[in-house]
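Subject: Structure for you to look over

Hello,

Here is the structure I promised to send. My notes on it follow.

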Amino acid sequence: MTSMTGYAYKEVPLKDGSVSVEIKSVNSRFLDLSINLPPYLNQLESRFRGIMTEKILRGKVDVYIRVKEMNVEETVSADVKAAQSYAAAIGQIAQALGKRADDVPLSLIIAQPGVLNSDREYDIEKYWNMISPVFNETLGTFCDDRAREGANLYKDLLVKLDRLDECASFFKEWQPKMEKLFKDQITQKFNELLGDHADEQRIMTETAAMLVKYTINEEIVRLHSHLSALRTEMKDSPAPGKKMDFLCQEINREINTIGSKNQFSEVGAMVITAKDSLENIREQARNVE
């Protein structure tokens, strides 16, 4: 079992700079992966995305990859014609405002788009070889963090699930008492109305009809089945979160039905306990991948 929340960060110094990778995630119904790279390295996004999707199935995951470099060689060129055009246009504006064209600072002209152009060649494979070791190590730490949190979730969920199993066993134990209560109530009503003339066959027929309406045997059977399926899903599935949520809905339906048919305060109290344990499981399941 793996948690959907996790965090990892690593920065590695290089000869002329550094590479840093930060990965963090929160809950999400599906895999929502965002990889933030320097614009000149966008070609590498698909490679990093492929590695991530092999290891992560669910969650909103944000990846930040930063490269700091020193002494980078860049070729800078000037577009003289563009500079002259800007100078002439800005000079006209200056004269229109009552100023001299000679007062236009050179820095203003240089700052205009296209006047100065820098050209830098990027060796994508060089950057891949530079970043990927840091990325893989950070991703490993991130996955370990999610797995460690998932192990803690699993332990907590087992405690809640054991409690639900105890509730289901309690309901099964009290089922005969509930049926006996129905029989006694019907028999008492017939005796009060008809006295010695009460028809035993009629009593049995009415009792059977009442039991069909109020017995919880089917709910108990389904409840045990859902709890067993939930335990198996938690143990065997690499990403049980979605299935757990569905099974919790089914379990909740059976517990509600048992509560609606109940005639005993003891069973009512256990229904409350079961619903509390189930709500805790549903809340924790939202953190499970």
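Ile-110 sits in helix H3, residues 106-110; helices (H or I, at least four residues) and strands (E, at least two) are DSSP runs, numbered from the N terminus. This is a predicted model, in which local features need pLDDT of at least 70 and side-chain atom pairs count only at pLDDT 80 or more, while totals for chains, interfaces and linings use all residues. Residues are numbered from 1 along each chain as its sequence is written, and side-chain values use heavy atoms, with hydrogens and water left out.

Ile-110 is partly exposed, at 36% relative accessibility (buried means under 20% relative accessible area, exposed over 50%, partly exposed in between, with a 1.4 Å probe and protein chains only). Together with Val-76, Leu-106 and Leu-116, Ile-110 makes a nonpolar surface patch of about 380 Å². Patches are made of residues with over 30% relative accessible area and no salt bridge; like charges are joined within 9 Å, nonpolar side chains (Val, Leu, Ile, Met, Phe, Trp, Tyr) within 5 Å. The areas come from the Shrake-Rupley method with a 1.4 Å probe, and for residues only the protein chains shown count as cover.

The overall count for the protein chain is eight helices and six strands, in the order β-β-β-α-β-β-α-α-β-α-α-α-α-α. Of its 289 residues, 36% are buried.

Next, the strands, where two count as paired if DSSP finds at least two bridges between them. Strand E1 (residues 6-14) runs antiparallel to E2, with nine bridges, and a hairpin of two residues connects E1 to E2. Tyr-9 is opposite Glu-22 in E2. On E4 (residues 59-69), E2 pairs in the antiparallel sense over ten bridges; Val-21 has Ile-65 as its bridge partner there, and Lys-24 has Asp-62. Strand E3 (residues 31-36) pairs with E4 in the parallel sense over six bridges, with Ile-35 partnered by Val-63. Strand E2 (residues 17-26) is largely enclosed by the rest of the structure, because seven of its ten residues are buried.

In the loop between helix H1 (45-55) and E4 is Ile-56, which is buried at a relative accessible area of 2%. Ile-56 and Ala-239 are 183 residues apart in sequence, yet their C-alpha atoms are 9.4 Å apart in space.

There are 17 salt bridges in the structure, each being a side-chain nitrogen of Lys or Arg within 4 Å of a carboxyl oxygen of Asp or Glu. In one of them Glu-45 pairs with Arg-49, the closest N and O atoms being 2.9 Å apart. These two are separated by about one helical turn, because they are four residues apart in helix H1. Glu-45 is partly exposed at 25%, and Arg-49 is partly exposed at 29%. Another salt bridge links Glu-250 and Arg-253 (2.8 Å, N to O). Here Glu-250 is buried, at 17% relative accessibility, whereas Arg-253 is partly exposed, at 44%. Elsewhere, salt bridges that share partners join Glu-218, Glu-219, Arg-222, Glu-254 and Lys-261 into one network.

Regards
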